[in-house]
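Welcome to my notebook. I went through this structure one spot at a time and wrote down what I looked up.

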Amino acid sequence: MRRGLPGTAGALLAAAVFFGGASTYAPLVWIGGLALLLAGIAGGLVLLGLLPAPRLDGFGIGFLGLFAGLVVWNGLSIGWSIVPDRSWEYFNRGLVYLAFAIVGVILAGSMPRLPRALAIALLGIFGAAIAWALLGKVIPNLGPDAERSARLREPLGYSNALALVAAMSLPLALWASARRRHPEVLRIASVVLLYLASVALLLTYSRGGTVVALAAVCAYLALAGDRADAIGALLVSTVPAILLGLWAFEQPGLVTEAQSYDTRLTDGLQFGAALVLAGAAVAALAHLGIRHERRWRPRFELTVSTRRLVGFVAAFLLVAVLAASRGDPVAWARDGFREFTNPTSGAGTGPERLGDFNSNSRWTWWEEAAELWTRNPGRGTGAGSFSVARRPIRTNTTVATEPHNLALQWLSETGLIGFLLAGGTGVAAAFAIVLTLRRLEPEERAAALALTVAVLAYLGHSLLDYDWDFVAVTAPLALVLGALVAAGRPRAPRKSSPFLAAAAALVAVAAVVSLISPWVATREVSNAYAALDRRSVSQAAEAARRARSWNPLSVEPLFAEAAAEEAARNDHAAQELYIRAVELQPENPRTWYELGRFELDVGLRESGIRHLIRSRELDRWGPAEPLLGRLGL
């Protein structure tokens, strides 16, 4: 198991990145289920003395304890959540991330040189994902969503998440390319990955991802000891990437939506040829630089102090601001803030959005999250509930799963307690990582530093998006954090505790059952509607009842069973089921709408109108408004 653990963990990370399914729940079931089982088995073997036990300091113990506390608090929020089924799913998501963190801690106890191995593994996984994304631009059939949107998004399913992967890969690639002890092939491949990640970043049109990537590069250069080599690799890779990106922005088949397949294929093949040629040039330049490093480096030694680097970056930003503002930075900043907070306009979907200040409703969602927190300061509205909780106060028809700011998300959904648990988890991890960096030997410290900057990139991006919902980026984060808080410490003495090992196995199995149950219920609901399509009413009702037994917190099985009763013309039973849905989620406007809609259909006009009005009170932009409008109300 000791030899198989790193490979299994790496395979799980690759599966999360490639098959995470954006923010959907179904892929989390099998990826998270395997992670929970791996954590349970590995933890059990540690407790049996068959695997080396990691030795954690107070901060490391605090990190795991606060992380577990945050997950438990998410679970407790089911009791008061306005959408308890969504909170259950969020609790399960937290269990999965906690499992990845535990695997990272156990890996640190088993592998003395874990940071370097983990950095190389992540570099390979992220690099493969970026290469696949770019290949989808070359061959349109590989990107089934390309006709609807030209923004690069696969295999993560979301452009901003792919941009975050590119941003997290940059410090790792800078580290791998600049370490002279690395094999030449690894250094050249890392420079090429810098180039590919930069191209992919541009083609996601992600403004937040671009800002975070620039910040991550600056942070690495400021903290790393080999910044001269890193700057060289950066210049060799990013200049061709920027030129290629600017050319790609002018090709309709690459950046314009709803183009014909022939146009997309022609422009895609041209882009592929340019991508390969420029990549070959980057590799050749990297090879020449590395091959002749001993000859030219003594003559052209470049020393860049942190103070000089910070001064250069500040001067560059000042020049950029003056150029963008045309000499009037105050008015430019004022107008930019007004546009950022403007809820009536959007940033578009093409390359032009890179220069647009509009927040795409983020400012509105942040205000809504803050208002929800002031109404429920202690415990929030329930984990994962923002999409429904915001409806009574929303002022437009925009749809938001989360407020696109992790700090405000914790505040609005889990209250001050959840926010403090999340913040405490981050603070404990930060102190533990600082101590880790101090005790590691130079080679491992350099890798750990690159991993730390990748973590900072995630944290920065999480203030602009809903990254917690994406297993593709949060699972790697959790495993890296677990590895960093425990790396470089002496192993604890092996002790056998069969009772604790059995308890760990039982907890893992229970967590897997909790993870699977909502997914099984969703499948049974789908089976119920499929049976209705076949006009098999009894089978539909039976499937809906099975769904309810698997997930008694969801209203979907009740709606499916009510539909079956409607098809059987059993109106009284259907009404009872709709009422039960309202009682289960009384602050969900949909439950009131379904009840009112049904009652109108069966002739209970007064009652139906009353319930539709309640639905409109909970969501003035919901489906009850047009239905009441047709009734003149």
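**Entry: Glu594.** I began with Glu594, which has a relative accessible area of 14% and is therefore buried (buried means under 20% relative accessible area, exposed over 50%, partly exposed in between, with a 1.4 Å probe and protein chains only). Glu594 sits in helix H24; helices are DSSP runs of H or I with at least four residues, strands are runs of E with at least two, and both are numbered from the N terminus. Which residues does Glu594 touch, not counting those up to four places away in sequence? I found Phe559 and Tyr578, with contact meaning heavy atoms within 4.5 Å.

**Entry: ground rules.** I note that this is a predicted model, where local features need pLDDT of at least 70 and side-chain atom pairs count only at pLDDT 80 or more, while totals for chains, interfaces and linings use all residues. Residues are numbered from 1 along each chain as its sequence is written, and side-chain values use heavy atoms, with hydrogens and water left out.

**Entry: aromatic pairs.** How many aromatic pairs does a search of the whole structure find? I noted 15. Rings of Phe, Tyr and Trp (its six-membered ring) pair if their centres lie within 6.5 Å; planes under 30 degrees apart count as stacked, over 60 as edge-to-face and the rest as tilted.

The rings of Tyr97 and Trp468 have centres 5.0 Å apart and planes at 85°, so I logged this pair as edge-to-face. The pair joins distant parts of the chain, 371 residues apart: Tyr97 is in helix H4 (residues 84-110), and Trp468 is in the loop between helix H18 (442-461) and helix H19 (471-486). Tyr97 is buried at a relative accessible area of 0%, and Trp468, at 8%, counts as buried too.

Next came Tyr578 and Phe598, whose ring centres are 5.2 Å apart with planes at 40°, so this pair is tilted. Here too the pair links distant parts of the chain, with Tyr578 in helix H23 (residues 571-584) and Phe598 in helix H24 (residues 589-601), 20 residues apart. Both Tyr578 and Phe598 are buried.

I also looked for a cluster: Phe63, Phe67, Tyr97, Trp410 and Trp468 form one aromatic cluster.

**Entry: two packed helices.** Helix H8 (residues 207-223) packs against helix H9 (residues 227-248) at an angle of about 150°, and their axes are 8 Å apart. Axes are lines fitted to C-alpha atoms, for helices over the stretch in contact, and angles run from 0 to 180 degrees between N-to-C directions. I listed the contact residues: Val217, Tyr220, Leu221, Ala222 and Leu223 from H8, with Arg227, Ala230, Ile231 and Leu234 from H9.

**Entry: backbone.** Most residues other than glycine have a negative phi, and most peptide bonds are trans. Where is the cis peptide bond with omega near 10°? I found it running from Glu154 to Pro155, and Pro155 lies in the loop between helix H5 (114-138) and helix H6 (159-178).

Ala22 has a positive phi, near 55°, and lies in the loop between helix H1 (4-19) and helix H2 (26-47). Arg569 is not a glycine either, yet has a positive phi of about 60°. I placed Arg569 in the loop between helix H22 (556-567) and H23, where its 76% relative accessibility makes it count as exposed.
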